[in-house]
Amino acid sequence: MSEHPAADLLELFALRRLTASQTWGILLHLDDCANCRAALRIENDFIAAIRAALRDLQP
Ligand SMILES: [Zn+2]
């Protein structure tokens, strides 16, 4: 598992203020880390939805 993202990064993530690549990195972490998901109170289907959206952005 990767290191936990900094709290301010998680906050920016929640606000959707990160770049696509930063968002992707955090999503990969959240997929693995129940602690950070709980910290953000993010539901799995919300993550899946963002991921699906990001997947469309991949080259
Ligand atoms: Zn974490």
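Does R16 count as buried or exposed, and how many C-beta neighbours does R16 have inside 10 Å? The legends below take up this residue and then move along the predicted model.

**View 1. R16 sits in the loop between α1 (7–14) and α2.** R16 counts as exposed, because 8 C-beta neighbours lie inside 10 Å. Look at the backbone here too: R16 is not a glycine, yet its phi is positive, at about 60°. As background, most residues other than glycine have a negative phi.

**View 2. Helix α4 covers residues 44–57.** From the first C-alpha to the last, the 14 residues of α4 reach 20 Å. That is close to the 20 Å expected at 1.5 Å a residue. The number of buried residues in α4 is zero, so the helix lies largely in the open.

**View 3. N44 is in helix α4.** With 10 C-beta neighbours inside 10 Å, N44 counts as exposed, because the cut-off for that class is 12 or fewer. To place N44 against another part of the chain, find D32, which is twelve residues away along the sequence. The C-alpha atoms of N44 and D32 are separated by 11 Å.

**View 4. Helix α2 (residues 20–32) packs with α4.** Here the two axes are 11 Å apart and the angle is about 140°. Angles over 145 degrees would count as roughly antiparallel, so α2 and α4 are classed as oblique to each other. Their crossing is left-handed.

**View 5. A closer look at the contact shows which residues of α2 and α4 meet.** On the α2 side you will find A20, T23, W24, L27, L30 and D31. Their partners in α4 are I47, I50, R51, L54 and L57. Sorted by class, this contact holds eight nonpolar residues, one polar residue and two charged residues.

**View 6. T23 is in helix α2.** How exposed is T23, and what does T23 touch? Setting aside neighbours within four places in sequence, T23 is in contact with F13, L18 and L54.

How values were computed. Residues numbered from 1 in each chain as written. Predicted model: local features only at pLDDT ≥ 70, side-chain atom pairs only at ≥ 80, totals over all residues. Helix = DSSP H or I, 4+ residues; strand = E, 2+ residues; numbered from the N terminus. Expected span 1.5 Å × (residues − 1). Buried ≥ 20, exposed ≤ 12 C-beta atoms within 10 Å, placed from the backbone. Axes fitted to C-alpha atoms, helices over the stretch in contact; angles between N-to-C directions. Parallel < 35°, antiparallel > 145°, perpendicular 65-115°, else oblique. Left-handed = near helix turned anticlockwise from the far one by under 90°. Contact = placed C-beta atoms within 7 Å. Nonpolar A, V, L, I, M, F, W, Y, C, P; charged D, E, K, R; others polar.
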